[in-house]
Each structure stands twice: as structure tokens, then as C-alpha cells.
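Subject: Handing over the structure

Hi there,

Here is the structure I promised to pass on to you. Have a look at it first, and then read on for my notes.

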Amino acid sequence: MNNKLSQLLCLLWAAVFSFAPHVFAAEKPWNLVTTQTIFADLVKRIGKDKVVVTAIASPKYNIHFIQPKPSDVRKVAKADLYFNAGLDLEAWSDPLLEAAGQPQLFRSGSRNVDLSSGIRLLNVPQSAVSRSQGDIHLFGNPHFQMSPENARIMAKTILEKLKGNDPANAAYYEQNAKAFLMRLDQKIAEWKNLCAHCAGKEIISYHDDIAYFADFLGLKVDQFLEPKPGIPPTPKHLQFLEDYVKEHQVKAIVMPTYFTREAAETLAKRVGAKVVTICQGVGEVPGTDDFFSFFDSNFKQISEGLK
Amino acid sequence: MMQEFFHIMFLPLVACLILAGIYAYLGFHVIERQVIFVDLALAQIAVLGASCALILGHELDSVFSYWLSLGFTIAGAAIFSLTRFKKQRVPQEAIIGIVYAVSAAMLIIVLSRSGEGDEHIKQALVGNILLVTLPEVIRIFIICCVIGILHFFFRHQFFMISKSPDEAFNKGLNVRMWDFLFYVTFGFIVTSSVRTAGVLLVFSFLVVPSVCAMLFSDHIRTRLLLGWGIGLLASILGMAISYYLDFPTGASVVCAFGLILLALTIIKKLLRAY
């Protein structure tokens with residue numbers, strides 16, 4: 001009888017193991033990791049309940065300088081796909097990928113998704129650059145998430161990647177992407193309308209992280225609080241900006257939350273301009289918890305700042 | 001779980017153990033000479049060298065940058081060995097403090113005039129031991145071995161100039177030359193490890209094991225062995241804290257050092273009470 005029992009158990013065992021993987025494989029959502037929160041939101045909009053998405057970088061910090069923790073290495077090591085801005089934005093990303101030790105996730109690996117692909121880059125250096133010009137971006141301005149137009153291209157990149165890796169659900173992803181793009185079209189019209197009066201006006205930005213945002217609205221940005229990218233404002237530069245702002249009637253100085261505000265406040269006070277907070281990441285301030293509310297907030301801020 | 005711990009924390013742990021090995025030994029000298037902050041000063045000088053290289057158009061991780069910061073460090077070594085006298089009127093700590101402040105200020109000036117954003121430079125002083133790579137570990141290991149062997153061969157001279165400089169002077173030892181050699185080798189290690197581990201962690205590796213060991217023994221050998229044991233313990237404890245509580249790795253190891261020092265002080269008091 002013992003023998004029979006064990007036979008039965010064996011059968012049961014075999015049954016569970018021959019069916020279980022299929023069941024689990026079908027139900028288990030993918031584990032996707034992104035560098036920025038805005039990418040995570042976009043991926044989630046297209047993958048919906050088929051994916052679990054986590055972002056590494058907190059939007060409260062400058063995206064150039066993130067200090068990954070052990071849990072970040074663990075997250076990346078288990079990731080099915082890794083979405084990032086490519087270019088040279090996330091300086092900590094390559095060492096992080098290396099620490100996680102999955103070659104397919106490395107730059108140009110099959111599971112690494114470079115969201116800058118297909119995007120028309122701004123500020124691409126025309127001549128040879130040297131480090132004496134500051135933290136120069138060799139490939140062009142990498143803060144491309146700041147224009148909602150670029151979300152169309154990113155959404156397509158994400159869709160292709162999800163479809164390619166999970167053809168069984170291709171139709172599902174297509175449908176989600178389509179719904180997102182339709183809503184995006186509506187919102188872009190709404191935002192353009194809200195900010196129609198901004199076109200042609202000039203602003204000053206703390207860092208050169210606003211180029212795509214400005215391009216979308218037709219704003220002019222020639223001067224930055226940083227004398228060179230990555231270098232904090234100096235007294236002489238502030239003096240120069242003071243004269244510049246007066247001469248060009250600049251009304252708004254824009255910056256995200258993570259730079260120190262003193263220099264911008266000082267300049268604003270001296271010339272009677274406003275400091276406008278333009279977020280760089282989803283969740284940087286309360287009320288910017290997803291893609292649409294993030295842009296809602298930014299466009300509302302700039303629209304009011306330039307009234 | 002354990003397997004994952006090793007997958008993620010193995011290289012950082014190995015790097016910590018190598019650094020613990022060399023710094024526990026160097027810490028002994030540094031404490032005897034009462035030049036506790038010399039590593040901070042040398043690290044600052046090295047970073048100044050690296051940022052000068054940047055202005056000349058060489059990336060932070062280029063060979064030129066490495067050699068220039070090493071050159072600066074050697075100049076620093078020369079300053080420290082030339083300011084040590086038989087009858088010390090100005091304490092060496094004061095000189096070290098001045099060198100630190102001036103090189104930090106020069107760094108600000110250099111960066112303000114041209115060059116890289118200062119956040120990259122700050123990064124070079126902070127380091128992130130969690131993301132250390134295998135080539136980096138191997139490089140640090142080789143450098144530590146070479147310098148360890150050098151110090152082993154000349155241990156009598158090095159220990160004598162650190163522990164009893166008067167005796168060394170009287171015996172006719174070229175104290176200045178040995179001092180210079182000491183600071184050059186020390187600077188070599190600091191320059192090579194600060195970018196990986198950061199100044200805070202390097203400082204802790206240097207000072208805490210020696211201080212802990214001093215609580216319990218006066219003998220060189222015992223103090224060295226105790227120091228290594230404590231470095232090992234703090235590294236493992238720090239890795240565990242960082243992994244299980246998900247804290248930044250370098251800072252966790254520094255705090256582990258603090259905890260161990262505290263625990264040992266209490267143990268010492270209890271031992272004395274009974």
C-alpha cells in the first residue's frame with residue numbers, strides 16, 4: 001500500500017509540475033525596470049496588468065547623480081527589460097547594470113531599451129567639444145522627456161519592445177498604446193491652447209534641462225543660471241543675468257525642485273521676475289503622480305508664470 | 001536569499017576586505033604619528049590634481065588624470081615630510097589642516113574658472129563601493145600588495161620613524177627620506193581607493209581598527225591582528241546592514257565601525273569593572 005501511495009504521489013507531483021509552469025507563465029506579470037519615473041508611467045500605460053514596473057531614480061533628486069542601493073542592484077538583476085534614457089543622462093546606470101551582472105541588460109544588449117531612439121535630439125554639438133565647456137552632453141540634450149511630443153515616440157518604442165517579447169499579447173498592447181496616444185493628442189491640443197500666450201517669450205532656466213519643453217511651447221531659452229552646465233551660479237554671472245533680464249524683459253526663471261533656489265530667488269527679487277517650478281520627473285512634487293498630471297502641472301505653472 | 005546576498009555584495013565585500021587589510025596597518029602608523037586627517041588632505045590634493053587634468057582636457061578616468069593626481073599627492077607627501085622636525089613647534093595636524101583647506105579652496109577656484117561641473121568632482125570624493133567593478137578590485141588589490149610588500153621589507157624603519165622618531169634621529173636614520181616614502185606610499189593607496197570607497201569610508205578603515213585595537217593592547221603585533229579582525233567584522237556587518245535594511249553601502253560600513261567601537265568600549269569598561 002505504501003508503494004501505491006508513493007506512486008500516486010509521484011503522479012500528482014508530475015501533474016502539478018507539468019501544468020504549473022504554463023499556468024504561472026501565463027499569469028506572472030513581467031518584471032520591468034526603468035531609470036526614471038516618467039518612463040515607468042509610460043510603460044505601465046502600455047503594459048497595464050501584464051507588467052510590473054519599478055523606477056530606480058527618485059524624482060526628488062537630480063537624475064544625473066543617483067546613488068544606487070543594494071535593492072536597486074537586486075531589482076535590475078531580476079529585470080526582464082530595462083528602460084533608460086540612453087545618451088549620457090544617467091551616469092550611474094552603466095555601473096549599476098554592471099553590478100547587476102546581466103549582460104543582456106547592458107547598453108545595446110537585447111533587454112536594454114534605449115528610449116532616446118527615434119527622438120529628434122536638440123543641442124547636438126556642432127563642433128568638437130571639450131570638458132572646459134562644463135558638463136557637456138556629447139550626443140545632444142538628454143532631457144527629452146520634457147516634451148509631450150516625445151512621448152509619442154517613446155510609446156512606440158515601448159510598444160514594439162513589449163510586442164516583440166510577448167507576441168501573444170500584442171493586440172492588448174496595441175490597444176493600450178492606441179488609447180494612450182489618443183488621449184495624448186487631446187491633451188497636447190489642450191496644453192498648446194493653455195500656453196498659447198507663451199510662444200515667443202523668453203525665459204531663463206537654471207540648468208539646460210528645459211530645451212524640449214521650450215521647443216514644444218515655442219519659448220526662447222538662451223541664458224542659464226549655471227554659467228556652465230553643472231557649475232553653480234557665480235556672483236558675476238548673476239550680475240550679467242540681472243542686466244540681461246532687464247534688457248530682454250524676461251518674466252520667469254524656471255527650475256526643478258532639486259537645485260538650491262537661493263540664486264534664482266535673488267535674481268528674481270532684484271529684477272521683479274517669478275521663479276517657476278517646472279518638474280523634471282513624475283512625482284517630483286505632490287499632484288504630479290502620473291504622466292498627464294505631471295504635464296498638467298508644468299504647463300499650468302508656466303502659463304501662470306508668463307501671464 | 002544568502003545566494004543573492006553574495007551575488008550583489010560579493011565584489012563590494014572583497015573591496016572592503018582589501019582596504020581593511022592595508023588601512024588597518026597604515027592606521028597604526030597614522031595614529032602613532034598623530035596625523036589622523038592626513039588621508040583627507042591627501043585625498044583632497046589628489047582630487048585637485050584630477051580637476052587640473054580636467055581643465056587640460058583629460059577625462060576623470062583617464063591615465064593622464066590618474067598620474068597627475070598622483071603627482072599632486074607626491075607633492076603633498078613632500079610637504080608633510082618636510083614639515084616634520086626633531087623638535088616640533090607647529091603640530092603636524094595644523095599643517096595637515098592647512099593643506100586640506102588650501103587645496104579644497106584651490107579646487108573651488110579651479111572649478112569656477114573653467115572645467116567640469118563640480119558635482120562630478122564631488123562624486124570622486126564620495127564614491128560608491130556598491131558599484132565597484134572587478135577590474136577596479138583587481139587594480140586596488142595589486143597596488144595594496146605592492147605597497148604591503150614594500151612596507152614589509154622596510155618594516156623596521158617604518159615602525160621606528162612612527163613609534164620613536166627620536167630614537168631614529170639618534171641612530172642616524174634618514175627620517176625625512178623615510179617619512180617621504182611613507183607619505184608617498186600612503187598617498188598612492190589613498191589616490192587609488194578614494195574614488196571607489198569615498199573619503200568617509202577610507203577614513204574609517206584607517207582610524208577605527210587602530211583605535212579599537214589600542215583599547216586592548218600595546219603590542220604592535222596584537223594591535224595589527226586586532227585591527228584586521230575589526231576591519232573584517234565591520235566590513236561584513238556593514239554589508240549585511242546595507243543589504244538587509246537597504247541603506248547606502250559605504251555609509252553602512254562607516255556606521256558599523258562606529259557600532260563596533262562603541263561595543264568594544266563598553267566591553268572594555270565591563271572587563272575593568274570585574
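This is a predicted model: local features need pLDDT of at least 70, side-chain atom pairs count only at pLDDT 80 or more; totals for chains, interfaces and linings use all residues.

How many bridges join strand S1 of chain A to strand S3 of chain A? There are three, between S1 (residues 30–34) and S3 (residues 81–84), and the two strands run parallel. In this pairing, A:Leu32 stands opposite A:Leu81 in S3(A).

Residues are numbered from 1 along each chain as its sequence is written, chains are lettered from A and ligands numbered from 1 in the order in which they are written, and side-chain values use heavy atoms, with hydrogens and water left out.

Back to the sheet. Strands (E, at least two residues) and helices (H or I, at least four) are DSSP runs, numbered from the N terminus, and two strands pair if DSSP finds at least two bridges between them. In chain A, four strands form an open sheet with parallel pairing, in the order S2-S1-S3-S4. Strands S2 (51–55) and S4 (112–114) of chain A stand at the edges with a single partner strand each, so one side of each has no neighbour in the sheet. From one strand to the next, the twist averages 25° (axes are lines fitted to C-alpha atoms, for helices over the stretch in contact, and angles run from 0 to 180 degrees between N-to-C directions).

Now the charged pairs. Over all chains, the search finds 21 salt bridges (a side-chain nitrogen of Lys or Arg within 4 Å of a carboxyl oxygen of Asp or Glu). One of them joins A:Asp296 and A:Lys187, at 3.2 Å from N to O. This pair links helix H10 (residues 291–305), which holds A:Asp296, to helix H6 (residues 170–194), which holds A:Lys187, across 109 residues of chain A. A:Lys187 is buried at 11% relative accessibility, whereas A:Asp296 is partly exposed at 27% (buried means under 20% relative accessible area, exposed over 50%, partly exposed in between, with a 1.4 Å probe and protein chains only).

In chain B, B:Glu32 and B:Arg223 form a salt bridge with their closest N and O atoms 3.0 Å apart. B:Glu32 is in helix H1 (residues 2–33) and B:Arg223 in helix H11 (residues 220–245), 191 residues apart. B:Arg223 is buried at 6%, while B:Glu32 is partly exposed at 22%.

Best wishes
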